[in-house]
Amino acid sequence: MAVETQQNAQNTDEPVISIRGLVTNLGGRLIHDHIDLDVRRGEVIAIVGGSGSGKSVLLRSIVGLMRPQEGTIEVFGEDALATDETALRRLQQRWGVLFQEGALFSSQTVAENVQVPLREYAKMSQELMNEIAAVKLAMVGLGEDAATKFPSELSGGMKKRASLARALVLDPEIVFLDEPTSGLDPIAANAFDELIRNLQKSLNLTVFMVTHDLDTLRSIADRVAVLVNRTLKVGTIAEVMRDKDPWIQDYFSGPRGRAALGS
Amino acid sequence: MGSAMNASNPWFRVDHDGQTLRLTAGGPWTVYHAAAVDAGLRAIATNNASVAEIDASQVDALDTTGAWLLLRTRALFKDAGLKINRFDIPQNYQPLIGVIEREDLVAPAEVVTHVSLVAFLERLGRATHAVMIQGVGILGYLGRITVEWFKLMYAPQRHVRFTATVNQIEQVGINALPIVGLLMFLIGVVLAYQGADQLSRFGLDILTVNALGIGVLRELGVLITAIIIAGRSGSAFTAEIGTMKVNEEIDAMQTMGLNIDDVLILPRVTGLVIALPFLTFFADVMALIGGALMCYFQLGITVPAFIRQLHEAVNVNTFLVGMIKAPVFAYVIGMVGCYEGLNVERNAASVGKLTTRAVVESVFLVIVLDAGFSVMFSILGF
């Protein structure tokens, strides 16, 4: 799998995620109206938008937790909406998802949580699994003492780190982050941004994240996709800021926006 | 799955060249292939080598797991006193090595579970200790709720939450009528059928009514109703209060100066204590109806004959012996349900665990108390 990764990385500008004409209708309310989006390999793309604008719905649609009414979603050129079980399993090993509250399995220790994908997809000795769990936990900045703890004994920031370690354990090519910094204090949020940036660079990850956090946007997002009026406006922060849409203007030029973006 | 997609396998070769140990590695070194080389790498014998060269330049796929295997092997060589002369990996994987290398690489100590007599004794001790702690906790809570209840009696206008209590009576009493009625009717049918089957062999058909009347009124009516209510309402108490705890609603109430006992606990316990005797009465009647029906069809005992026989078999005391247990059982079920609800920790799994525990404990206590009542009544001669 990693062989392909490297080859792909070298020879293609093809998008890793390609969404065409996506229509989502939730309980009679139109959320996405024919959305198109391409995510390039190795970039960090951030989805922003008001509460209830369908950011998380978009993420959940890509990873197959929700089905849109119309449109196509391709990940690595494969149809992510196809119902073929084995194809879907293959895709699922190539992405990792970090949920908003971490979604760690509460009955297992942190180390066991991290080992779940290993146990499921890669056959190896328990000893090696322990070592890999320790390596991944160290990569996300958690010490050995965290490994034997249960999720209920962790702080919010540690939960997110542990969950990120679990998402990264199979060395996926894409990570999906749902509000990675929500609920963290500014220092922890900065540290988490930096962690994601470092890992993204060294592991050559594509990062698809949903966020509210303007600081996160500024510090790690290569491109921004704004969900307004049920459609997406995509570009670099500078490009998107020039848009006349009132919500976008409010968002980037409000007091928080100005403070974060330093303009 | 990964190995299926990738026909080639990872490999490594060890050459001894005088004082030099040379490790050459190639192929895909990824998480899906790690098992193939893991044990072999651990078992490399360094012999008398003093210098090690690691050449992984032929590795064509590397991920964190593969990188860890290489770094672990290097660390093993270092620990064996070897000098590392070369550590070659393809240029494009250098950042990956960097990520892991800067971390302090200590293999973690996992908790190992030993299967032995000592471990068994330890578990036994822990379990016993937990049971005792739990017993003391429930006893303490029993005392606390009783004190709160006396306060309620002393100043009802300040503490009584009338609406909440009535609401609880509806929830645990009126809404439980169908299930309790149906089950007790069926139990009446079963008892009468079994009784008739046995007693008719001796020509004592009519005594079926005695067995049914005494069995239901003294024991089964209240016992089975209490068990149904423990499963239905005791668990609901734990789940409701536990969910509120997870949501921090209890904390919110406390900061607003609301007394948790007054607002949440006493209405539930009081509601149950009021409702269960009525439910028990209803259950008794339904079981007798079921029994009477069965007596009529199976033994040909008419309803007037059934009532006459019942009148002779039981007296008011038989009925009261059953009824007097109802509020006691209700108190215990309500108290245990609320106690476990307040014990819920701030995670979702805890709600389920403690709900189960509440039901098991309250059923256990109900049966133990029932046995205690039997002993007491037999001493008192009822």
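In this predicted model, Val51(B) stands opposite Lys83(B) in β4(B). That pair belongs to the contact between strand β3 (residues 51-62) of chain B and β4(B), where 5 bridges join two strands that run parallel. The points below cover one sheet in chain B, one sheet in chain A with two helices lying across it, and a set of individual residues.

**Sheet in chain B**

- The open sheet has 4 strands in the order β1-β2-β3-β4, and the pairing is mixed.
- β1 (11-17) and β4 (83-88) of chain B are the edge strands, each pairing on one side only.
- Ignoring direction, neighbouring strands of this sheet are turned against each other by 15 degrees on average.
- β1(B) and strand β2 (residues 20-29) of chain B run antiparallel and are joined by 7 bridges.
- Within that pairing, Arg13(B) has Thr24(B) in β2(B) as its bridge partner.
- The two strands β1(B) and β2(B) make a hairpin with 2 residues between them. Gly18(B), in the turn, has a positive phi of about 65 degrees.

**Sheet in chain A**

- Strands of a sheet pair through backbone hydrogen bonds, in either the parallel or the antiparallel sense.
- In chain A, 6 strands form an open sheet in the order β6-β7-β8-β3-β9-β10, with mixed pairing.
- β6 (95-98) and β10 (231-235) of chain A each have a single partner strand, so one side of each is left without a neighbour in the sheet.
- From one strand to the next, the twist averages 15 degrees.
- Strand β3 (residues 44-49) of chain A pairs with strand β8 (residues 206-210) of chain A in the parallel sense, over 4 bridges.
- Ile47(A) has Val210(A) in β8(A) as its bridge partner.

**Helices across the chain A sheet**

- Helix α2 (residues 55-62) of chain A lies across β3, β6, β7 (174-178), β8, β9 (223-228) and β10 of chain A. Its direction is at about 140 degrees to β8(A).
- Helix α11 (residues 246-253) of chain A lies across β3, β9 and β10 of chain A, and runs at about 130 degrees to β9(A).

**Positive phi in chain A loops**

- Phe76(A) is a residue other than glycine with a positive phi, near 50 degrees.
- Phe76(A) lies in the loop between β4 (70-75) and β5 (78-79) of chain A. With a relative accessibility of 14%, Phe76(A) counts as buried because the cut-off for buried is under 20%.
- Asp171(A) is not a glycine either, yet has a positive phi of about 50 degrees. The loop that holds Asp171(A) runs between α7 (156-168) and β7 of chain A.

- A nonpolar patch on the surface is formed by Leu117(B), Phe120(B), Leu121(B) and Leu124(B), which together have about 430 Å² of accessible area.
- Leu124(B) is located in helix α5 (residues 117-154) of chain B. The relative accessible area of Leu124(B) is 45%, so this residue is partly exposed.
- Glu148(B) is also found in helix α5 of chain B. Glu148(B) counts as buried, since its relative accessibility is 8%.
- Leaving aside residues up to four places away in sequence, Glu148(B) touches Asn259(B), Asp261(B), Asp262(B) and Leu266(B).

- Asn210(B) sits in helix α9 of chain B. At a relative accessible area of 19%, Asn210(B) is buried, because buried means under 20%.
- Beyond residues up to four places away in sequence, Asn210(B) touches Gln309(B) and Ala313(B).
- Glu248(B) is placed in the loop between α9 (207-246) and α10 (249-255) of chain B. Glu248(B) has a relative accessible area of 39% and is partly exposed.
- Glu248(B) and Arg346(B) are 98 residues apart along the chain, while their C-alpha atoms are separated by 8.3 Å.

Note on methods. Residues numbered from 1 in each chain as written. Chains lettered and ligands numbered in written order. Predicted model: local features only at pLDDT ≥ 70, side-chain atom pairs only at ≥ 80, totals over all residues. Heavy atoms only, no water. Patch = residues over 30% accessible without salt bridge, like charges linked within 9 Å, V, L, I, M, F, W, Y side chains within 5 Å. Areas by Shrake-Rupley, 256 points an atom, 1.4 Å probe, with all protein chains shown as cover. Salt bridge = Lys/Arg side-chain N within 4 Å of Asp/Glu carboxyl O. Buried < 20%, exposed > 50% of the residue type's maximum accessible area, 1.4 Å probe, protein only. Pairing = 2+ DSSP bridges. Axes fitted to C-alpha atoms, helices over the stretch in contact; angles between N-to-C directions. Contact = heavy atoms within 4.5 Å.
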